[in-house]
Structure formats: C-alpha cells, structure tokens
Amino acid sequence: MKHFLVRSVVRGLIIGRHGSCYVSTVRRFEVAAMRHHLQGVGGYGGFYWSRMMASAGNTEAKLAEQDQKKESSVTEAKKNGQSVVESSYWGISRSKITREDGTEWPWNCFMPWDTYRADLSIDLTKHHVPKTFLDKFAYRTVKLLRIPTDMFFKRRYGCRAMMLETVAAVPGMVGGMLLHLRSLRKFQHSGGWIKALLEEAENERMHLMTMVELVKPKWYERLLVLIVQGVFFNAYFVVYLLSPKMAHRIVGYLEEEAIHSYTEYLKDLNSGKIENVPAPAIAIDYWRLPKDATLKDVITVIRADEAHHRDVNHFASDVHFLGKELRESPAPISYH
C-alpha cells in the first residue's frame with residue numbers, strides 16, 4: 001500500500017496548487033515517484049517485489065494509454081474545426097487574451113500589459129561630458145568601436161540598427177544578472193535596479209525583433225552577429241565585475257551613438273533615400289501605434305527608448321561615482 005500513499009501525496013501536492021488539471025508531465029512524475037519508492041522495498045521478498053513492479057508497469061501503461069487517448073481527442077477536435085485550449089507546462093489552461101477592440105492577441109513574446117507609449121518629449125540632445133579618467137576611457141572606447149561599424153554598414157541604417165540592437169540588449173541582461181546574484185549572496189534588496197536593467201534588455205530585444213521584420217539579414221551578417229555578441233558579452237561581463245561605474249558609462253555613450261544613428265536614419269527617410277514602408281504589426285502592438293503607422297513612426301519611438309536608456313545608465317554610473325550602492329538609490333520609473 002505504500003506505493004499508493006506515494007502516489008496520493010504527489011497527487012495531493014499537484015491538486016493543492018493547480019486543481020484537477022493533469023498533464024502527461026505530472027503522470028510521468030507520479031510513475032517516477034513510485035519507481036523510486038519501489039527501489040527501497042526490495043527487502044520485503046521477491047514475490048512482493050515482482051508484484052509491486054508489475055503494478056507499477058500496469059499503472060504506467062494505463063497512464064500512457066490515457067495520454068494517447070487525450071492526444072487523439074485533441075487531434076480529432078482540430079480536424080472538426082473545434083477550438084482547443086492547450087495546457088501549459090504546469091497544467092494550467094491559458095485564458096484567451098484579446099486586444100482592446102476584442103480581436104485575439106497574436107503574440108507570445110510579449111503581452112498587452114507589457115506595451116506602452118514612448119515618451120517622445122525626452123531630450124535627445126543631452127550629452128554627458130566626460131570628466132574623470134574612467135569617463136574619458138569609456139567615451140573613447142565607444143568612439144573607437146564606431147569606426148568599424150561605419151566602415152562596414154556605411155548608410156545602410158537598417159542593417160546597422162539590427163547589429164546595434166543585438167549588442168544593446170546585452171548590458172541590461174548582464175547587469176541585471178550580476179545584481180541578482182549579488183542580492184542573493186548578500187541578502188539585500190536591489191532598489192528596483194534588477195527589474196529596470198532586465199526591462200532595458202527586453203526593450204532592446206523588442207527593437208531587434210522589429211528590425212528583423214524590416215531587414216532580412218544575410219548569412220555573413222548573421223555570422224557577424226554571433227562573433228560580435230560573443231566577444232561583447234564576455235568583455236562587458238568582465239568590465240562590470242571590475243567597475244560597474246565604467247560599465248554603465250560605456251552603455252550611456254553607446255546609447256548616445258544609437259540616438260545619433262537613428263537620427264541619421266530618420267533623415268534618410270525624410271529625404272526619400274529610404275522607403276517609408278508600413279510599420280510591422282509587432283511594432284504597432286508593442287508601442288501602441290496607430291494602425292496606419294509607418295517606419296518613420298517606429299524609428300521615432302525606438303530613438304526615444306534609446307534616450308531613456310542613456311539617462312538610466314548615466315544615472316547608474318553617477319550613483320557609483322558618488323560612492324552609493326544601487327540598492328540605496330531607487331531605479332528610475334519604468335517606461336512601461
């Protein structure tokens with residue numbers, strides 16, 4: 001009877017958290033739990049052992065048969081045109097998500113509550129004048145990195161933006177990850193900075209997803225992305241460990257260069273050198289743009305985001321310069 005107790009406990013835990021929703025993953029866990037228990041009762045006799053193993057085998061076969069019937073019913077329902085709600089990994093059915101106008105939400109990479117309207121009133125001309133040695137080193141490093149970018153992409157700003165975003169999404173993830181681990185080690189709060197930096201990384205990733213819809217990268221550009229991202233991630237990781245102040249300052253200057261690049265992009269759009277095509281659907285939903293939005297509108301909101309990231313990272317660097325921990329200075333209000 002002990003193996004039935006094990007199964008009851010497992011089902012009780014699952015029911016307590018998720019109700020009566022079971023998926024094949026839960027059933028496999030039950031069988032694995034019984035097998036683990038059976039391995040510890042071999043001393044009760046060969047007959048009992050063989051009988052218990054036969055019971056476990058029959059149970060697994062029955063559960064597998066139930067899973068197969070469930071899959072068959074789902075397939076049959078799809079063939080008949082019936083709507084099927086598929087369960088998540090934890091066995092919780094996902095509710096239907098709709099837009100404000102009642103249409104179905106088509107994206108899984110972000111939800112309606114992750115969308116926002118960009119602050120277009122932000123100052124785009126703001127520049128942090130380098131004063132200290134670290135500031136000057138960060139500024140010159142960024143200017144040096146711009147040279148090969150200008151030589152390779154020239155005025156192909158779509159491809160330049162795609163490459164830029166693959167790099168720009170790295171610092172927020174690295175900084176948020178390291179602050180997260182530090183918070184765990186020291187049992188300290190982060191002042192909201194972990195969430196702010198991870199949101200920055202997510203926002204930059206959405207920039208990339210948008211640019212990929214507009215620019216179809218060639219194979220050598222994809223290869224370049226792999227190389228640049230691999231080098232930059234490890235380099236920035238080391239820099240952040242050595243000096244978070246300099247790391248955030250580098251990102252601040254990178255964002256200043258991003259603002260400049262997107263401004264040049266808009267100039268070519270206004271002059272007609274680049275076609276002002278309709279905005280991708282993902283951009284319209286993410287930035288809550290009008291249905292008739294164009295590429296110009298997309299570049300405008302992306303540039304505003306970069307200005308926000310510029311201010312956040314320069315502020316983070318200033319906090320370290322003043323000798324304060326990030327956890328002691330609340331993070332700026334999220335733009336979401």
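Start by selecting Arg 99, Glu 100, Trp 105, Asp 285 and Arg 288: of the 13 residues lining the second largest pocket, these lie nearest its centre. The model you have open is a predicted one, in which local features need pLDDT of at least 70, side-chain atom pairs count only at pLDDT 80 or more, and totals for chains, interfaces and linings use all residues. Residues are numbered from 1 along each chain as its sequence is written, and side-chain values use heavy atoms, with hydrogens and water left out.

**First stop: the second largest pocket**

A pocket here is found on a 1 Å grid over the protein atoms alone, as an open set of points where a 1.4 Å probe fits, with protein on both sides within 12 Å along at least five of seven lines; a lining residue has an atom within 4 Å of a point. This pocket has a volume of about 350 Å³ (the space filled by probe spheres set on the points). Colour its lining by class and you will find 4 nonpolar, 2 polar and 7 charged residues. In this scheme Ala, Val, Leu, Ile, Met, Phe, Trp, Tyr, Cys and Pro count as nonpolar, Asp, Glu, Lys and Arg as charged, and the others, Gly among them, as polar.

Rings of Phe, Tyr and Trp (its six-membered ring) pair if their centres lie within 6.5 Å, and planes under 30 degrees apart are called stacked, over 60 edge-to-face and the rest tilted. The whole structure holds 12 aromatic pairs. One of them joins Phe 110 and Tyr 286 edge-to-face, at 5.3 Å centre to centre with 90° between the planes. Phe 110 sits in the loop between helix 3 (46-79) and helix 4, while Tyr 286 belongs to helix 9 (residues 281-286), so this pair ties together parts 176 residues apart in sequence. Helices are DSSP runs (H or I, at least four residues), numbered from the N terminus. Phe 110 is buried, at 2% relative accessibility, and Tyr 286 is buried, also at 2% (buried means under 20% relative accessible area, exposed over 50%, partly exposed in between, with a 1.4 Å probe and protein chains only).

Now pick Phe 233 and Phe 237, a stacked pair at 6.4 Å centre to centre with 20° between the planes. They are 4 residues apart in helix 7, so about one helical turn separates them. Phe 233 is partly exposed at 31%, and Phe 237 is partly exposed at 26%.

Next, show the largest pocket, with a volume of about 780 Å³. Among its 33 lining residues, Leu 145, Thr 149, Val 167, Val 228 and Leu 254 are the closest to its centre. Helix 4 (133-153), helix 5 (157-186), helix 7 (219-242) and helix 8 each give two or more residues to the lining, and helix 4 supplies the largest share, 9 residues. By class, the lining has 24 nonpolar, 3 polar and 6 charged residues.

**Last stop: helix 8**

Finally, select residues 244-271. Helix 8 has 28 residues and reaches 41 Å from its first C-alpha to its last, close to the 40 Å expected at 1.5 Å a residue (1.5 Å times one less than the number of residues). Of those 28 residues, 22 are buried, so helix 8 is largely enclosed by the rest of the structure. Just after helix 8, look for Gly 272, which takes a positive phi of about 90°.
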